Amino acid sequence: MSKWGETIKIPTREACGQMLAQIGEKNEDIFVLEADISKSTRTCYFADKFPERFLNVGIAEQNLVNVGVGLASLGKKVYVSTYAVFASMRACEQLRTFACYPKNKITVLASHGGLTPGNDGPTHQAIEDMGIMRTLPNMSVMMPADSTATKALLKESVYWEGPLYIRLTRDPVPTIYDESEIFKIGKGKIVREGSDIAIIANGDMVYFSIKAAEVLKRKNISARVVDMHTIKPLDEELVADCVKKTGAIVTVEDHNMYNGLGSAVAEIIAEKHQVPFKKVAIKDTFAESGEYKELIKKYGLDTEHIVETVIETLSKKITKEKIHCEENLRISI
């Protein structure tokens with residue numbers, strides 16, 4: 001692991017663009033399609049190197065997917081790239097019917113996910129995208145935590161069977177991982193061990209969760225931090241291990257509180273485990289225009305709010321354990 005406080009910050013869209021150009025050198029079947037914003041999404045790096053395998057379809061996201069699906073049906077490995085808000089909504093029907101239904105091997109590179117578009121306002125802030133994509137049969141969904149994870153998971157995506165949605169940030173995020181770290185789609189990573197509670201996060205929220213764990217340590221609370229970069233397929237074994245080892249869970253995501261990471265984890269807990277659980281997420285509201293850091297604080301995604309939520313969840317754990325002990329005492333008497 002890298003010491004996140006001492007590293008440079010890199011947007012995951014930047015890391016994605018760099019790695020696309022690298023994997024394009026090794027695989028001539030890779031095609032990249034763009035919706036006229038290649039400088040913003042950083043697919044311009046691939047375009048400069050391999051113009052014959054790069055297509056700009058213009059500001060036409062539905063066509064973007066349809067052309068990509070056509071190439072995928074011919075055996076090409078296709079990456080389609082645009083902003084998350086447009087990929088998940090404007091092209092939703094095309095992804096559902098022509099990518100997911102026939103299980104076409106197409107990967108969506110969705111830049112500017114969550115609140116990172118900041119000043120662009122709610123029209124460009126994709127706070128619903130992972131939930132929308134998660135409901136589509138056969139679609140896999142993930143959000144890497146830093147530049148290292150982005151590059152590693154993008155390499156993995158070349159061999160992924162079926163449609164895949166990768167959410168990326170516009171703003172820089174601190175580097176958490178060393179380049180030696182190994183990543184697998186569908187398998188989360190324990191970033192920090194802890195015994196009192198598990199904080200399960202993804203994307204840029206992993207950094208804030210690490211910061212929260214440091215604050216909690218000074219309060220004598222041991223928090224495990226998990227990077228659940230893939231929310232579908234979810235690493236159910238890791239969720240179960242968090243339940244077993246800590247007995248309480250908080251999820252943290254830059255996404256609407258409905259149908260994202262928190263909902264995915266809650267479904268597993270409700271069906272198979274019963275432990276104190278809370279979500280840190282955007283509370284079913286559109287955000288204002290503003291600087292990313294200010295929005296994170298205003299909408300309750302910052303370190304301070306994570307710490308407060310952990311303490312609140314732990315109080316439920318303690319109460320539950322106390323009730324359980326009292327019940328056992330009465331039975332023994």
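A: In this predicted model, the structure holds one cavity of 30 Å³ or more, where a cavity is a set of points, on a 1 Å grid over the protein atoms alone, at which a 1.4 Å probe fits but cannot get out. About 30 Å³ of space lies in the largest cavity, a volume being the space filled by probe spheres set on the grid points, which are joined across faces, edges and corners. Being a predicted model, it is read with limits: local features need pLDDT of at least 70, side-chain atom pairs count only at pLDDT 80 or more, and totals for chains, interfaces and linings use all residues. Residues are numbered from 1 along each chain as its sequence is written, and side-chain values use heavy atoms, with hydrogens and water left out.

The lining of the largest cavity is made up of R13, C16, G17, L20, T41, T43, S81, L109, S111 and L168, lining residues being those with an atom within 4 Å of a point. By class, these residues divide into four nonpolar, five polar and one charged; here Ala, Val, Leu, Ile, Met, Phe, Trp, Tyr, Cys and Pro count as nonpolar, Asp, Glu, Lys and Arg as charged, and the others, Gly among them, as polar. The helix α1 (12-26) and the strand β5 (106-111) each supply at least two residues of this lining, and the largest share, four residues, comes from α1. Helices (H or I, at least four residues) and strands (E, at least two) are DSSP runs, numbered from the N terminus.

The buried residues of α8 are S147, T148, A149, T150, A152, L153, L154 and S157. For A149 the relative accessible area is 1%, and, not counting residues up to four places away in sequence, A149 touches P144, Y177 and F183, contact meaning heavy atoms within 4.5 Å.

Another buried residue is N202, at 2% relative accessibility, which is placed in the loop between β10 (197-201) and α9. Leaving aside its neighbours within four places in sequence, N202 is in contact with M130, M143, D227, M228, H229, I231, V252, E253 and L261.

The open spaces are described separately: a pocket is an open set of points with protein on both sides within 12 Å along at least five of seven lines, and the largest pocket has a volume of about 240 Å³. The largest pocket is lined by 14 residues, of which K9, Y207, F208, Y292 and K293 lie nearest its centre. β8 (173-174), α9 (205-218) and α12 (292-298) each supply at least two residues of the pocket lining, while α12 gives the most, with four residues. By class, the pocket lining has seven nonpolar, no polar and seven charged residues.

Some features of the backbone also deserve a look. Most residues other than glycine have a negative phi, and most peptide bonds are trans. In this model, a cis peptide bond joins K232 and P233, with omega about 0 degrees, and P233 lies in the loop between β12 (230-232) and α10 (236-246). D36, in the loop between β2 (30-34) and α2 (38-41), has a positive phi near 75 degrees and is partly exposed, with a relative accessible area of 40%.

As for the whole, the protein chain has 13 helices and 14 strands. Its radius of gyration is 20 Å, close to the 20 Å that the globule rule gives for 333 residues, so the protein chain is as compact as a globular protein of that length; the radius is taken over C-alpha atoms, and the rule is 2.2 Å times the number of residues to the power 0.38. Of the 333 residues of the protein chain, 59% count as buried.

Definitions and conventions
Buried < 20%, exposed > 50% of the residue type's maximum accessible area, 1.4 Å probe, protein only.
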